[in-house]
Structures are given as C-alpha cells and as structure tokens.
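Me: I have a structure open and want to go through it in pieces. Can you take my questions as they come?

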Amino acid sequence: KEAGIRNILALRGDPPAGEEKWEATEGGFTCALDLVKYIRKEYDDFFCISVAGYPEGHPNVITEVKDEAALSEAEKGRLVKTQDGQFVCHDEDYQKELAYLKEKVDAGAGVVVTQMIFDAEVYISFVKDCRAIGIDVPL
C-alpha cells in the first residue's frame, strides 16, 4: 500500500530453476487461492487482484493424446498439436480447473488473465464456460 501498488497478479508460481516439482515453503502459501484469501483478509478491497485462468487447461493436467478419436468434442476443441505430439486437458480436469477458478474469483479476484491463445474458438468457449458457472469478472 505504502508503495502505491494497487494491482496484484496472484500466482502460485513455477518451480525454482532446476526443480521439477513445485513445493510450498514452510509457512508459505500452497496455491494462488490461499494468496487471494490472505490479501482480501489483510487488505479488504484495497487491491485489484488478478488470477490465472487456463482456456486450454492448466499445464499440470494437460496430457499426451494417443487416440484423437477417443476425445470428446470439447476436448478436440482444446487439443494442442506441437512437434512433440498432441496434448489435451480432459473434460474432467477442465471442469475441476473451472471450479478452482471460480473459487479464486469468489475469494476476491477481480480479473482473470490467460496465457496467449492462438485459437479464438478455444478462448470463446472458455469465456462461455466461465460465464455459465457464474464467473462474471473480466477475462
């Protein structure tokens, strides 16, 4: 507050360089939701809090696809094709990610920021899915 900061992007963060897995430090926050709750508890609505949203699914739950024919239509829409293969966030994981995003918004996040999207339809579907479960903040 004293530094004039009004906006916070609340992220869990990536593992430190050289580490494969992210682990909370002793006494630290375990996820972005914990940070959002803490900021709201300590500072009420002084800060505008942004959180991350993942139209294609969180990187931790995106898995390689062996059989594209086995995917649902929604999964086919989120399918990412790279030189390393095809990857998707399956519907069950995608729904869990949306529910977690709603928790972050319900805890006080006022904006959702996404990674860069190369397929507008993926983003449009994400926005519709968010609105359908009551996420009404700017995306």
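Me: What do the buried residues of α4 pack against?
Reply: They pack against β2, α2, α3 and β6. Keep in mind that this is a predicted model.

Me: Which residues of α4 are buried?
Reply: V122, F126 and C130 are the buried ones. They take up an arc of only 70 degrees around the axis, which puts them on the same side of α4.

Me: Why would residues spaced like that end up together?
Reply: An α-helix has 3.6 residues a turn, so residues three or four places apart point the same way.

Me: And which exposed residues sit on the face of α4 turned away from the buried side?
Reply: E121, K128 and A132 are on that face, and they are exposed.

Me: How far does α4 reach, end to end?
Reply: From first C-alpha to last, the 13 residues of α4 reach 18 Å, close to the 18 Å expected at 1.5 Å a residue.

Me: OK, α3 next. Which of its residues are buried?
Reply: In α3 the buried residues are Y94, L98, L101, K104 and V105. Looking down the axis of α3, they fall within an arc of 115 degrees, so they line one face of the helix.

Me: A lysine on that list. What do the buried residues of α3 pack against?
Reply: The buried residues of α3 pack against α1, β2, α2, β5, β6 and α4. The face of α3 turned away from them carries exposed residues, E92, K96 and D106.

Me: What comes after α3?
Reply: G108 follows α3, and its phi is positive, near 135 degrees.

Me: Switching to holes. How many cavities of 30 Å³ or more are there?
Reply: There is 1. The largest cavity has a volume of about 70 Å³.

Me: What lines the largest cavity?
Reply: The lining is A52, G53, Y54, Y94, E97, L98, Y100, L101, K104 and F126. β2 and α3 are the elements that give two or more residues to this lining. The largest share, 6 residues, comes from α3.

Me: How does the lining of the largest cavity split by class?
Reply: There are 7 nonpolar, 1 polar and 2 charged residues.

Me: And the largest pocket, how much space is in there?
Reply: About 400 Å³. It is lined by 15 residues, and R12, G13, Y54, H58 and N60 are the closest to its centre.

Me: Which element gives the most to the lining of the largest pocket?
Reply: Helix α3, residues 91-106, with 3 residues. The lining of the largest pocket has 8 nonpolar, 3 polar and 4 charged residues.

Me: Let's do α1. Which residues are buried there, and what covers them?
Reply: A32, L33, L35, V36 and I39 are buried in α1. Down the axis of α1 they fall within an arc of 165 degrees, so they line one face of the helix. Their cover includes β1, β2 and α3.

Me: What span should α1 have?
Reply: The 12 residues of α1 should span 16 Å at 1.5 Å a residue, and the end C-alpha atoms are 16 Å apart, which agrees. D44 comes after α1, with a positive phi near 50 degrees.

Me: Last one, the whole chain. How many helices and strands are there, and in what pattern?
Reply: The chain has 4 helices and 6 strands, and along the sequence they follow β-α-β-β-α-β-β-α-β-α. Of its 139 residues, 27% count as buried. Among contacts between residues at least 6 apart in sequence, 63% join residues at least 24 apart.

Conventions:
Residues numbered from 1 in each chain as written. Predicted model: local features only at pLDDT ≥ 70, side-chain atom pairs only at ≥ 80, totals over all residues. Heavy atoms only, no water. 1 Å grid on protein atoms, 1.4 Å probe; cavity = no way out; pocket = protein on both sides within 12 Å on 5 of 7 lines; lining within 4 Å. Points joined across faces, edges and corners; volume = space filled by probe spheres on them. Nonpolar A, V, L, I, M, F, W, Y, C, P; charged D, E, K, R; others polar. Buried < 20%, exposed > 50% of the residue type's maximum accessible area, 1.4 Å probe, protein only. Arc of directions from axis to C-beta. Contact = heavy atoms within 4.5 Å. Expected span 1.5 Å × (residues − 1).
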